[in-house]
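Let's take a walk through a protein together. Have a look at the chain below, and then we'll go through some of its parts.

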Amino acid sequence: MSVRRAVALALSAALGITGLTATAPSAPAATASDAPYTVTIPPLPTVAPPEQGLFALGTGIQTWRNDTGTLRWKSLQDGRVAEFQSCTWGKDHSAAFGDKVACLGTGGDNVLAALHDFTTGVTELRYRPEGQTPLPAFGQGRGLSYGPGADGSTSLFLLGIGTGAPADLEVDLPGQSGERPEVIAFDGAGALVRYSNGNGTALGLVDFATGAFVDVPLMPSAPASLKASLSADWIVQYGESGTTGAFVVSRKDAADQGRTVKLATGAAGVSLGVVGDWIVGNYADADSYGRPRPLKATSLTGVQLDLGVLASVETGIVTGPDGSPYVVGGTDSAHWGVRRVSLDATLAPVTAQVLATPPKPVKRSYLHLANGRLAVQNNDTGFSRQGYDLSFTEPRTAAPAWTCKSSERLCLDLKPTGDGRWTTARVADGPPAPGGTETCYSCIVEVVVAAPGTTSRVLTLTYPNRLSGVETVSASGRYVHFLADEKGFRRSYVADIETGKVVKTGNGRASLWGNRIWTASWDDGTVSAVDVRTGATVETIDLGSGCVNPELRATGKWISALCGDWESVVVYDRETKAKIPVHLPITMTGEELHLGDGFLAFNDYDGGGLKTIDFRSGQPVLRTIGAVPDTHPYGDDGWTVDRFGGPLAYIDTKQAVRVVGLGGATSPLAALDSDAPAAVGLKSASWKPRWWLSKPAGSWSLTLRHKATGKVVRTLTGGEARGLVAPSWDGKDGAGRYVANGAYTWALTVKPADGQGADVALSGAVSVSGGAAVWRDLAGDDGFGDLLVMDTAGLVSMYRGTGTGAVSARIAGTGTTFPTTSVFVPTGDLDGDRCADVYVRVGDQLRAYRPGCGKVVSASSPYTPVGSGWGQYDVITSPGDANGDGYADLVVRQTTTGDVYFYGGTADHRVKARVKIGANWKLYKKLVGAGDLNGDGRGDLLGVDAAGVLWRYYGTATGGVTARVQVGGGWGAYSSLVGVGDLSGDGRADLIARDTAGKLWRYSGTGTGLYGARVAVGSGWSVFKGLY
C-alpha cells in the first residue's frame, strides 16, 4: 500500500467517513433492469487485412479482394487505402504494375482498357480501335493490344492512354499466323509476348517506349503454362505447374541464346523472381502445397541460399517498379507481412519487411461512452475507431455499430454529445484581416462536429476576442464546453455546435449538463446553474464553506465537487438536497475523477486498479472494478463513464474492453434540453422537434391534436432512443392527407429504457402553415378565414382574418376588374396547391379561379371553366365540406322555382351532378354557407326569412340537410351575411354581418350551432357593392 493511500484511509477513519470497503452494500434482489452486469468485448488480433495479398506493388500495395471482386490499394507511405471496382470481368481481365491497374474490356464494347492510378485516384480510358483486343500489359503511358495490321496480318499495338500520352505505335510480329498473342510477363519497360510465327511458338520482347520488338529464345520444351519474371538484366522463364530449372536469357544482349539454371525440387504453384544475378523462388517439396514455403535463391552459377523466411503460396512473387521482388511472408506469425528482396553489400539476396501484419491484440485507447454508445480507438497499422451499441436489457451485448479511419474527422479525439454526435473545439488558422494578405495563424476557434454515417462539419466560432490554449472539457446535446486563455486569463466557454455561437462565458470552474452550465463561486461554497440559452441563473446550491471553487462534475441529479485538497469530495443530491461527504483514498485532479449516475470513478494509478465509490445509499462504498494498463491510466483514455445513467468501461491488460454496470437505481429520466419550433411551414420543411434526454429511452410517443377541436390528427411513435428523441412530422394525418392550417397541440411521452422512474411527459403547441387550406383561408397559411369585397367598379379586395376576431387592413386587388354582376364564392383548395380558391360566376359561366396563396383574385387570375347555365341561380354559396368527403361543396337556389340543389366537390375544380335538397325556398331572403357550426366535420347552411328570423340547417353525409332549427330573430337588419370561417382563432366558424348603416359585426361560433353576442368589427363598409 502506498504511503499516501494509507494516510488517506487513516484520515477517513479519523473523520468518521465509513463504508469505504471492498464489498458492495447489501441490496434487494435485482431485477432484469437493475442487476449488476459485465459485457466483454474481446481483444482484436492485429492481422493483415482480410484481402491481404500482393497483386502489384509500388508506393502502395495492390491486393485483390475475391469476396467483393474489387482491387484494394494501401499506401506504404501513409497507410491510405483506396478501392477500385471497375474491373468488372475480374482478376483475369486485368493487369497491374506498381500503383496502377488496367482493367481490360471494362466500360462497354467501345472501351479497350481503363487505367487507374491509385496514387492520384485518376482513371484514364482508352477507347477501342476497330478490330483490336486488349492484352494485359501497359507501361510508359501506353497499353498493349493486338489486331489486324496495315497488311492484314496480326500485329501488336502500343496505344497511348490518357492526357499527354505518347502516340500509338504498330509493332509487327514476325511471321504471325493470326493466332492470339499472349503476354507472359511485363514490367514498366516492356512486355514478353508469346505468339505463333507459322513455324510454331515464338517469344519476343516489345519495348513500350520505342515499339522495338526483339525475338527471345524460348525455353526448351516450354510448357503451356509458361511463366516468366523480368529484371533490367534478365528474362527468366519457367513452368508454373512445376519445374526443376529456369531458362535464363539476357535482356540486354540480343545474341544471347539462353541457359538453364537448375533449381531446387519443383512443386505445383511455383513463383519466381529475379534480383541481380539471383533467381528467387517459393518452391519446395510437393507436400508443402497450400502452406507457406521456404523462400530460396539460386545464383545463375548454381549457388543456392535459404533466405530464412516463409513465403505465401497464394500471393506468389511480384516485381515492383524498383526491380525488386516482393513476397508476403516472414519468419513466423509474429513477424509476418510484405517483404522486399534486395542485394546486400556482398550482392547476396536478403529480405526486409516493408509492411508488418502482426497477430498481436490491437492496442486500444481513447474510450468514450454516452447513452450506451461506446467508442474505442484501435491502434493497428495507423488507427481506427470502432463504435458499439450496448443493449439495455438482458442479455447484455455490445453490437458493432460503426467504424472510421484515421483520415476521417470522426476518428479525431472528439467528445460525445450524448445524442450520437462527436465534437471538439480547437484553435485554427484564420483568413487574412480585411485588406491584408497574411494568414492569421492560430487566431480562430473552430468546432468539429462528426457523427457516424454523416458528413462532418467544421464551424468557426463567433467570438470577438482571440482565444488560445483551447481545451475541450465535455459536450452535452448541442453544446460543447471548453477552456481557453483570453487576455491572459483562463476562462470557461460554452458554444452551440449547430450555430457556432459562443453562448456562455465564465471565470469559475464549471461543468456542462444539458442546457445548463454549473459554475462554482470564487467566494463561498455555492454552485449555480445558468441556462445557456437565456443566461438566467436557474438553480443555486450551497456545498458549504469548506469547499470553495471546487472542480465540478454534473450528472443527472448529482453534483460532485472535488475540493482544494484534491482528496475531499462533496456530492450533492438535487432531489433530496442531501450532501454526502466522500474522502478519496488517493489525491487526484478533477480530470482524473469522473462522476457517474450515483457513483464516482477513478483509477488508482499506484496499482490499485479502476475503482468506484457508490454513494446512492448515502454512505460511500468503495469497489475495485479491474486493472487498467499502465499505458492508459486516465479517464477517456483507458477507461470512461457513461454519465447518462449508464455503466463504466475500461480496457483491461489483455486489451479487452469491459463494460461494467453497477446495478441498482438510476436517476429518473428527464429532458435536458429541447428544440420544438412553435411554427412550421410545410411547403418548405417538416416539423422536426428535438428533445435531449438524461438517459436512454425505451420508446416514445408523440400525439398531435387540433387545438380547437382536440381531435387527434397524428400519433408518431418510436422505439429505443439514445439521448435524443427527434421525430419528424410531415404535416399529414393518419390517412396521409395534409392537416388543415392552424394551431395544434402536441404531447410527448418517453419511457425509460431501464424501466426505472416515471415517464417523461411534455406538451406544447405548434402553428401549422403550408398544409391543407382551411375553408375560406385565402391567404393559405394561418388557418383563419378571410373576407372578399367588391367595390362598385368590380375591383376585388381582401381582408385577412387576424385570429383575434378582427380583420386586417384592406389588401386591394391589382388585377383586372370583374363585371359588377359577378358572384364570388370563396371555397377550399381546388387544384392541390394548398391554397384556398374562389368560384366566380361571370355572366352565365361558373369559373374556378386560382389566385394563389395570399393573392387577391382578379379577372386576370388563372382560372378553369366549370360550366355554363349557372345564371339560373340567384344564390350560389359554399357551406364548406357538407358531406364530409374532404372537398368543399356548393349549394345553389334556382331563381324561378326556389328549389335548392347540392353540388358535391371533387379533387379538382369540377363538381358532381347536382342533387335536389330542398323545394321552393323562396321564403329566404338570404341563404348563407356557414361552415361547420356543431363540430361534426360537415358544412352547414343558414337562411334568413322575410321576417328576419335566422334558421340553421346541419349538413348530412349525403349532401342534404337536417330539419331547420331557429337561431334567432332580428337578422333582417343586415344587408349582407357571410360565413367567413374562423376569425377568432378558436377553430369554430364565425359569421360576419353588415348592417344598413355600413357597420360590420362579428358573431363568434360556439360550436353548438349558435352564436355569441355580436361584436363590432368596423364601420364604413357600405362603400362595397358586395361582401363574400
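**Around one leucine**

Start at Leu156: skipping its neighbours within four places in sequence, its contacts (heavy atoms within 4.5 Å) are Leu135, Leu144, Ser145, Tyr146, Leu169, Glu170, Val171, Leu173, Pro181, Val193 and Phe213. Keep in mind that this is a predicted model, where local features need pLDDT of at least 70, side-chain atom pairs count only at pLDDT 80 or more, and totals for chains, interfaces and linings use all residues. Residues are numbered from 1 along each chain as its sequence is written, and side-chain values use heavy atoms, with hydrogens and water left out.

Leu156 also belongs to the largest nonpolar core, a group of 25 residues. Such a core is a set of buried Ala, Val, Leu, Ile, Met, Phe, Trp, Tyr and Cys residues joined through side-chain atoms within 4.5 Å, and buried means under 20% relative accessible area (1.4 Å probe, protein chains only). Leu144, Leu156, Phe186, Ala191 and Val206 have the most contacts inside this core. At least three of its residues come from each of domain 1 (49-128) and domain 2 (130-216), with bounds taken from an automatic or database domain assignment. Apart from this core lies another, of 23 residues, including Leu669 and Ala721.

Terms used
Buried means under 20% relative accessible area, exposed over 50%, partly exposed in between (1.4 Å probe, protein chains only).
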